[in-house]
Amino acid sequence: MRIRVLAAVVAAAAVLSGCGQDVPVEPNALPGPKPPAPTTAPTSQAPSAGNSVELDTSPTLARIKQRRLLLVGVRDDAPQFATRDGAGEYRGFDVEMARDLAKRIGLDPTQVQFRRLPSTLLLDGVAAGNVDVLFGGTADNPQLAQVGPYVITGSERYLVVKSDDRKLVEELQRMLDEAVADGSWQRAYDATLGAAGIQARPGS
């Protein structure tokens with residue numbers, strides 16, 4: 001009986017002495033999750049696509065260069081400025097000036113598409129974006145802006161574009177001024193209006 005009691009006391013003492021020790025880690029146990037790494041704010045951030053657009057770029061000129069085609073509206077009631085011959089070729093002062101503008105934009109002179117517009121559709125053609133620039137119109141509504149005049153006969157004739165692209169207005173005026181300065185305007189006049197006996201002068 002004493003032996004059993006002694007054995008029970010020894011076992012209880014062993015259990016109590018083990019409670020204060022570290023529990024051994026099993027060799028195959030998986031480590032606990034690591035604490036998250038501290039996050040730091042980036043020192044610099046790449047500009048977004050919207051921020052990379054240059055403020056001095058004309059959206060209209062960018063589209064023209066991308067499509068490789070200048071869309072030009074001409075009046076159908078002024079054959080001395082723009083007309084279409086039997087072979088389908090456009091001729092006239094406005095046609096020559098439009099091709100000169102195409103070269104200054106960086107296109108080939110053949111990369112111009114002309115659209116003859118009746119007087120009732122001149123301004124709508126520009127406002128709707130059917131043409132990039134209209135020759136021989138006036139801007140009499142806030143959606144449109146006029147450049148020039150590019151030629152003066154009995155009246156002044158202007159280029160008409162959308163008013164929301166002020167850079168285009170500036171660039172077209174610069175191109176018209178260059179055409180006068182380098183003789184391109186005079187050559188276009190001599191070959192068209194001058195040959196027909198029409199007196200005209202540049203507006204710049």
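The largest pocket has a volume of about 190 Å³. Its lining is made of 13 residues, and those closest to the centre are Thr-60, Arg-63, Gly-129, Asp-132 and Lys-162. Keep in mind that the model is a predicted one.

Next comes the second largest pocket, at about 150 Å³. Here α3 and α6 are the elements that supply two or more lining residues, and α3 gives the largest share, five. Among the residues on the lining are Glu-96, Arg-99 and Asp-100, along with Arg-187 and Ala-191. Five of the lining residues are charged, three are nonpolar and one is polar.

What about enclosed space? There is one cavity of 30 Å³ or more in the structure, and the largest cavity has a volume of about 40 Å³. Seven nonpolar residues, one polar and one charged make up its lining. Thr-60 and Asp-132 line this cavity, and they also count among the residues closest to the centre of the largest pocket. Both α2 and α5 supply at least two residues of the cavity lining.

Helix α5 runs for 16 residues and spans 23 Å between its first and last C-alpha, close to the expected 22 Å. Leu-168 and Leu-172, which line the cavity, are among the buried residues of α5. The buried residues of this helix pack against α2, α3, β5, β6, β7 and α6. Just past the end of α5, Gly-183 adopts a positive phi of about 90 degrees.

Definitions and conventions. Residues are numbered from 1 along each chain as its sequence is written. This is a predicted model: local features need pLDDT of at least 70, side-chain atom pairs count only at pLDDT 80 or more; totals for chains, interfaces and linings use all residues. Side-chain values use heavy atoms; hydrogens and water are left out. On a 1 Å grid over the protein atoms alone, a cavity is a set of points where a 1.4 Å probe fits but cannot get out, and a pocket is an open set with protein on both sides within 12 Å along at least five of seven lines; lining residues have an atom within 4 Å of a point. Grid points are joined across faces, edges and corners, and a volume is the space filled by probe spheres set on the points. Helices (H or I, at least four residues) and strands (E, at least two) are DSSP runs, numbered from the N terminus. Ala, Val, Leu, Ile, Met, Phe, Trp, Tyr, Cys and Pro count as nonpolar, Asp, Glu, Lys and Arg as charged, and the others, Gly among them, as polar. The expected span of a helix is 1.5 Å times one less than its number of residues. Buried means under 20% relative accessible area, exposed over 50%, partly exposed in between (1.4 Å probe, protein chains only). Contact means heavy atoms within 4.5 Å.
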